[in-house]
There are 2 protein chains.
Amino acid sequence: MSDDDHKQKMQERQASQRAKVAELQDPDKGLVLVHTGAGKGKSSSAFGVVVRALGWKQKVGVIQFIKGKWKTGERQFFDRLGEVTWHTMGEGFTWDTQDKDRDIAAAQAAFAKGREMMESGDYDLIVMDEINIAMRYDYLSVADVIAGLNARDKRTGVILTGRDAKPELCEYADLVTEMTEVKHPFKAGIKAQRGVDF
Amino acid sequence: MSDDDHKQKMQERQASQRAKVAELQDPDKGLVLVHTGAGKGKSSSAFGVVVRALGWKQKVGVIQFIKGKWKTGERQFFDRLGEVTWHTMGEGFTWDTQDKDRDIAAAQAAFAKGREMMESGDYDLIVMDEINIAMRYDYLSVADVIAGLNARDKRTGVILTGRDAKPELCEYADLVTEMTEVKHPFKAGIKAQRGVDF
């Protein structure tokens, strides 16, 4: 590459970076956040952000890609509150099932719903809970998920949770937070507790 | 140390470990959780756990050690909901203030309230939001905080949030989660947003 070519390339890159910074400085732009890692707090911090958003009278949707069969505290709370649009597709998919086709269909249907909500412009915030697991097992392709995020209404923020987030998704996201368990010495001894864990 | 002394010491240690495991296996025991690290999600995941707990009809208290002057989404939401006992001492302390004595008094008063709530036996869960910052600046001593945790009603779980958690507190806690920012390339460009950040 000649010096001139290099200079032009760098100028283009700088312009693209500046455009991205300008876009992010737009307070109305919805950000794409990924919560991943093996530690606790990926889903619960998403639900904490839901609470913040509701406090500001924002409109929030949640799609749960897993745990559909569980009775969770968050589900019961938001059902009772009646302010959040909540979708759990079928029973969701789980590691327990032996029917992979059914799981893929459930994940695809969940994402189709999420895509519709993202494009609608009706939402300030959409949480796709445990969607990273659906990508990890190839029930959803990361390319489809990124295409859906790209097609979203500009003002809609999206949080994607679950361990083992795909590198391509992390590259695309505005912010990636990793939750790391730094101390869990009695892991085998602590049972999952109502409230803290589900 | 003689072989016999060593053996006895190891047996004592094993018994103590087993006692701790047995204690943690008690589903009614409230755990001590620390959320720390430089990434996002320390407070929001605590508020997500609050939501879970409320979903199970548990009783929850929150003490805010900072941000007292802020109008936050979570505060507005839980105020409106009216189900959470919420204390923000005075204006809380902030990095802005020049009056260190006033800040120390505010932090001490907040912890005195927290201690009273922990001992009351009335709560399933108490969140001490940003208390780690109060310890970091020596507005509270870690020894006093641990003494307060020790004196709590056995069934009360406590979450202590804030970056730079003291090592002694992490040692004492049942679970420590570190939130790490793995991607924030446009940090200078992204402004704090309603809903996502506060």
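Tutor: Let's begin with the core: the largest nonpolar core has 41 residues, and those with the most contacts inside it are A:Val50, A:Phe78, B:Val50 and B:Phe78. This is a predicted model, so local features need pLDDT of at least 70 and side-chain atom pairs count only at pLDDT 80 or more, while totals for chains, interfaces and linings use all residues. Residues are numbered from 1 along each chain as its sequence is written, chains are lettered from A and ligands numbered from 1 in the order in which they are written, and side-chain values use heavy atoms, leaving out hydrogens and water.

Student: What makes a set of residues a nonpolar core?
Tutor: They have to be buried Ala, Val, Leu, Ile, Met, Phe, Trp, Tyr or Cys residues joined through side-chain atoms within 4.5 Å. The largest such set here has those 41 residues.

Student: Which residues does A:Val50 touch, leaving aside its neighbours within four places in sequence?
Tutor: A:Val50 is in contact (heavy atoms within 4.5 Å) with A:Val60, A:Val62, A:Phe78, A:Val84, A:Leu125 and A:Val127.

Student: Why is A:Ile63 called buried?
Tutor: Buried means under 20% relative accessible area, exposed means over 50%, and partly exposed is in between, using a 1.4 Å probe and protein chains only. A:Ile63 has 0% relative accessibility, so it counts as buried. A:Ile63 sits in strand E2 of chain A, and its contacts beyond four places in sequence include A:His87, A:Ala110, A:Met117 and A:Val127.

Student: What makes A:Lys57 exposed?
Tutor: A:Lys57 comes out at 66% relative accessibility, so it counts as exposed. It lies in the loop between H2 and E2 of chain A, and it has a positive phi of about 65° although it is not a glycine.

Student: How do you know that B:Asp138 is exposed?
Tutor: B:Asp138 has 56% relative accessibility, so the label is exposed. Its place is the loop between helix H5 (131-136) and H6 of chain B. B:Asp138 is a residue other than glycine with a positive phi, near 60°.

Student: How many helices and strands does chain A have, and what counts as one?
Tutor: Chain A has 7 helices and 6 strands. Helices (H or I, at least four residues) and strands (E, at least two) are DSSP runs numbered from the N terminus. From the N terminus on, the order in chain A is α-β-α-β-α-β-α-β-α-α-β-α-β. Of the 198 residues in chain A, 52% are buried.

Student: Now helix packing. Why are H4(A) and H6(A) called roughly parallel?
Tutor: Two packed helices are described by the angle between their axes and the distance between the axes. Axes are lines fitted to C-alpha atoms, for helices over the stretch in contact, with angles from 0 to 180 degrees between N-to-C directions. Under 35 degrees counts as roughly parallel, over 145 as roughly antiparallel, 65 to 115 as roughly perpendicular and the rest as oblique. Helix H4 (residues 100-120) and helix H6 (residues 142-150) of chain A cross at roughly 20°, and their axes come within 9 Å. H4(A) and H6(A) are therefore roughly parallel.

Student: Which residues meet there?
Tutor: A:Phe111, A:Arg115 and A:Met118 in H4(A) meet A:Asp144, A:Val145, A:Ala147, A:Gly148 and A:Leu149 in H6(A).

Student: What makes H2(A) and H3(B) roughly perpendicular?
Tutor: Their axes cross at roughly 75° and come within 7 Å. That angle makes H2(A) roughly perpendicular to H3(B). Residues in this contact include A:Val51 and A:Leu54 of H2(A) and B:Phe77 and B:Phe78 of H3(B).
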